[in-house]
Amino acid sequence: MKYHVIMKRMLAAALAAGMIVTAAGCGNKGGGKNLNTGEVQEVDLSELEFPLKEKATLTGMISYPANTESNPNNRTIFKRLQEKTNVEIEWNAIQGDQWGDKISLAMANIDTLTDFIFTAGFGDSDLLKYADQGVIIPLEEYIDKYMPNLKAVFDKYPDYKKMSTATDGHIWAFPWIEQLGSEKTAIQTVGNMSFINKKWLDFLGLEIPETVDDFEKTLIAFRDNADKLQAEFGIDGSIIPMACIVNDGDQDCGILINGFGEGYGDMDKGRHIAVTDDLKVICAATQQGYKDGIAWLHSLYEQNLIDPEAFTQEWSTYVSKGKSGRYGVCFSWDVANIDNLTDWVPLPVLTADTRNLTPQNGSFTSGYDRGRCVVTAVAENPALVCAWIDQMYDPFQSPQNNWGTYGEDDDFDIFELGENENGEQMLKHAPLGDASPVEVREAESVNGPLAVLDEYYDVYVTCPDDAQYRLDWIKDSFTPDMNRKYVFPNVFMSREDTEELSNLQADIEKTINAKKSDWIMNGFTDADWEQYLEDLKAYRLDDYLAIFQKYLDDFYGGGSADAGSDADAGSDTAAGDDAE
């Protein structure tokens, strides 16, 4: 037996003993649970045929949105799954806003562990920590033997298996996968989409701007014609030429500066990295184009063209002002969140020194969450747990878990049950009408591990309307200007590197974001810029980038640009890459 396997089992046994002693010392009565040591359970496949001949019971933990059904077994989706499988789940359900604290406590106590954690949402560091502690079990052999639905996804899209596999060769969690478009047309390529008020443009006789100079003139026209706009459209409140929330994800205005310098922009607003065409990881926020772009945003702010509350306002305030019709330009995942679909159009990429949009890192393989669901080491029948979870990856089941279902006994259903062109059952998205899609989805869906693939649309499910028009926006207005070959892929780093990056990122991100806000508001000098670069160097920016570079090189088989030359220019995966 390999040394690391022996040591891992010894660690698991020691942890189990320690947890039991701790529980006894605290007076807990649970007492009977033991952690398994990682041995793969062999089960005859006939014992896992659903519905089971005899009812089985498993335990799970799950989060649920506030103000929705708190008992998962009262949700239609889980009612149908119990009938289909003859497996009853005893849930420990936790309200979503309390999940972070309570799941950490539960994972630290053997008596509160359930067989699986359905909506874990664990980051890489969490997964590797719990793996090292022996609290969760490796899943790759269970996937191969007892999970045909997930195995089929991994076989067809080996990158997802690769992305799910840790550097130790193990898969520690079941992923959430949502494909909506792919590569440079994927719905995740642009988060903070820019929108412009077409109604205002038409009233003032203006065209959609194509350059930063034309854009600035347009904002000035909005400002200088504020009285006319208020009178024409009955606007109560001051006109705001451009609204945003600086450093706040999809509400940030950073997409505007992609055309400065070499055109990298700063689309990764958490890590502030980009990948060059020769496969080098750079800090986007130290490039000359970034400096010039921030200086230009300051000039807009000085001219009263940017909302003065852009640095401090909350989401609710941002939306409230937008719903009052006061914005000329805004930023969001979907403009319907801010105002309406009728009066607004996407603002295409602006030309400055060049014309380019850098897609968001990790976006070419579409929506992906590596740590969505785990099986714990207290599971007495992990094969059955995995077989039950595999039902979530059924092509007809995954869309329901993701969005909602049909035949609910309430006012609104996400889906109507219909047929595809072959006469087979298909889930058809019901018209949204005045209903809030977010609220309805939260009331009906269960999330957890799932896979919705592009080839499922119009076969098992229709594409949601709000996703389809966003895909059209990206394809028509943004994809044509995505000129870079690569984005940083969704790689699974070691625990040591994950923790090191987290420590380094804390100071680096704080410095970049603080200076960005300060400089847009107050301006900066060349001396300020040089000091900023020195500060980032002192915070070990070079070491930070080196860690990313190591994994990029490994992903592309050595790091040379030639390694990815056979890949499509828009792909974040090299041709021929297989799962480990």
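**Exercise 1. Decide whether Gln400 is buried or exposed.**

Solution. Start with the place: Gln400 lies in helix 14. Helices (H or I, at least four residues) and strands (E, at least two) are DSSP runs, numbered from the N terminus. Next take the relative accessibility of Gln400, which is 4%. Buried means under 20% relative accessible area, exposed over 50%, and partly exposed in between (1.4 Å probe, protein chains only). Gln400 therefore counts as buried.

Now list the neighbours, leaving out residues up to four places away in sequence. Gln400 touches Ile77, Arg80, Thr405, Tyr406, Phe415, Leu427 and Ser445. A contact means heavy atoms within 4.5 Å.

A word on the source: this is a predicted model, where local features need pLDDT of at least 70, side-chain atom pairs count only at pLDDT 80 or more, and totals for chains, interfaces and linings use all residues. Residues are numbered from 1 along each chain as its sequence is written, and side-chain values use heavy atoms, with hydrogens and water left out.

**Exercise 2. Classify Asp476 by its relative accessibility.**

Solution. Find Asp476 in helix 16. Its relative accessibility is 59%, so Asp476 counts as exposed. Then look at Pro346, 130 residues from Asp476 along the chain. The C-alpha atoms of Asp476 and Pro346 are separated by 9.5 Å.

**Exercise 3. Describe the protein chain as a whole.**

Solution. Count the elements: the chain has 19 helices and 14 strands. Then turn to burial: of the 580 residues, 54% are buried. Last, take contacts between residues at least 6 apart in sequence. Of these, 78% join residues at least 24 apart.

**Exercise 4. State how helix 11 and helix 17 pack, and which residues make the contact.**

Solution. Two packed helices are described by the angle between their axes and the distance between the axes. Axes are lines fitted to C-alpha atoms, for helices over the stretch in contact, and angles run from 0 to 180 degrees between N-to-C directions. Helix 11 (residues 288-302) meets helix 17 at an angle of about 45 degrees, and the axes are 7 Å apart. Helix 11 is therefore oblique to helix 17. The cut-offs: under 35 degrees is roughly parallel, over 145 roughly antiparallel, 65 to 115 roughly perpendicular, and the rest oblique.

Helix 11 brings Tyr290, Ile294, Leu297, His298 and Tyr301 to the contact. Helix 17 brings Ile512, Lys516, Trp519, Ile520, Met521 and Asn522. Sort the residues of this contact: 8 are nonpolar, 2 polar and 1 charged. Here Ala, Val, Leu, Ile, Met, Phe, Trp, Tyr, Cys and Pro count as nonpolar, Asp, Glu, Lys and Arg as charged, and the others, Gly among them, as polar.

**Exercise 5. Describe the largest pocket and its lining.**

Solution. On a 1 Å grid over the protein atoms alone, a cavity is a set of points where a 1.4 Å probe fits but cannot get out, while a pocket is an open set with protein on both sides within 12 Å along at least five of seven lines; lining residues have an atom within 4 Å of a point. Grid points are joined across faces, edges and corners, and a volume is the space filled by probe spheres set on the points.

The largest pocket holds about 1,300 Å³ of space. It has 44 lining residues, and Trp403, Pro437, Val438, Arg441 and Asp466 lie nearest its centre. Helix 16 gives the largest share of the lining, 5 residues. By type, the lining has 21 nonpolar, 11 polar and 12 charged residues.

**Exercise 6. Describe the largest cavity.**

Solution. The whole structure has 4 cavities of 30 Å³ or more. The largest cavity contains about 50 Å³ of space. Its lining includes Met267, Asp268, Asn361 and Tyr486. The lining divides into 7 nonpolar, 3 polar and 2 charged residues.
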